[in-house]
Amino acid sequence: MHNKYMAFVTAAQLQSFTKAAEVLGYTQSGMSHLIMALEDELDLKLFLRSKNGVQLTREGSRLFPYVKRLLDAEQDVVDIARAMLGVETGQIRVGTFSSIAISCLPQILQGFRQRYPGIQVTVQSGNYAEIEQALSENTVDCGFVSLPSRQGFMVTSLVKDRLIAIVGEESGLAGETVLNPRMLASMPFIMPAEGAHYDIGKIFASAGVSPTVRFEMGDDYAAVAMVRHGLGITVLPELMAKSMPQDKIRLIPLQDSEREIGIAVSAGRQTSPAVRAFVEYVKDTIADVIADGGSAE
């Protein structure tokens, strides 16, 4: 039943048999077979199918939390057994947002794999809210977060990162050495992938102003491309901004705009030795990786 339960939970979370099949390593037909077999055994219809994906039926929604708890309990047994043995093996699911994923996570993973070759790491990307939700639902074991994060997590503070205004080289602001949000409020603003709900929203709100949003982009690289063509300005974390090509743009720090980055685990679950090892490794190496732009030893 384990494979069927895993297929059921994953499809429910992703709202797609196709995406669930990719995550679990099945063919789409194999995934559909597992779901249909579970529906036959339970004599219940668990999903409503449509061209846009799948959604749980009323019966499926009632069963979901019980099946999820069964899978979590099974993983807890494995984690506790590994903790008793002190085995440096296992699997870790890491949630991350784009600036960490691009700037330093590859180097961290490379160094971690060299130190702990028996631990397999998978990565799930998303925005702040999606990573926090994944932590709450235990679909990742640990995740990078911007502090303060929601309650229910145990968080290790890692580094601080400034916000950077990105302006075109022909902009009237290009010669400034530091900016504040009030200086940006009247400029055409290109909202990057993060949106206005987290760091960017906080920095403008703290100054008592709002950006004049002309474009909302779902991709940070696309936002910077718009800046290069003189269509406005944008704001990104320094980790992300410095990873991009610098032609035709200027990077100018925003005054009093640091964000604090941490790594979090759910407070309600047993933390495996593998996850603890990863959190400690990140804590010990991330500052050097960011400073050096090189590999973690």
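In this predicted model, Asn3, Lys4, Tyr5, Ala7, Phe8 and Ala11 of helix H1 are in contact (heavy atoms within 4.5 Å) with Met31, Leu34, Ile35, Ala37, Leu38 and Glu41 of helix H3. Local features need pLDDT of at least 70 and side-chain atom pairs pLDDT 80 or more, whereas totals for chains, interfaces and linings use all residues of this predicted model. Residues are numbered from 1 along each chain as its sequence is written, and side-chain values use heavy atoms, without hydrogens and water.

**Packing of H1 and H3**
- Helix H1 (residues 2-14) packs on helix H3 (residues 28-42) at an angle of about 105 degrees, and their axes lie 9 Å apart.
- H1 is therefore roughly perpendicular to H3 (65 to 115 degrees).
- By class, this contact of H1 with H3 comprises nine nonpolar, one polar and two charged residues.

**Helix H7**
- Tyr128, Ile131, Glu132, Ala134 and Leu135 are buried in helix H7 (residues 128-136), where buried means under 20% relative accessible area with a 1.4 Å probe, protein chains only.
- These residues lie on the same side of H7 because they cover an arc of only 160 degrees around the axis, taken from the directions from the helix axis to the C-beta atoms.
- The buried residues of H7 pack against several elements, including strand E3 (90-96), strand E4 (119-125) and helix H9 (199-206).
- Asn127 caps the N-terminal end of H7, with a side-chain oxygen 3.2 Å from the backbone nitrogen of Ala129.

**Asn138 and Asp72**
- Asp72, in helix H4 (residues 58-85), is buried at a relative accessible area of 16%.
- Asp72 touches Asn138 and Arg269, leaving aside residues up to four places away in sequence.

Note on methods: Buried < 20%, exposed > 50% of the residue type's maximum accessible area, 1.4 Å probe, protein only. Helix = DSSP H or I, 4+ residues; strand = E, 2+ residues; numbered from the N terminus. Polar contact = N/O pair within 3.5 Å; in protein donor to acceptor, adjacent residues only side chain to side chain. Axes fitted to C-alpha atoms, helices over the stretch in contact; angles between N-to-C directions. Parallel < 35°, antiparallel > 145°, perpendicular 65-115°, else oblique. Nonpolar A, V, L, I, M, F, W, Y, C, P; charged D, E, K, R; others polar.
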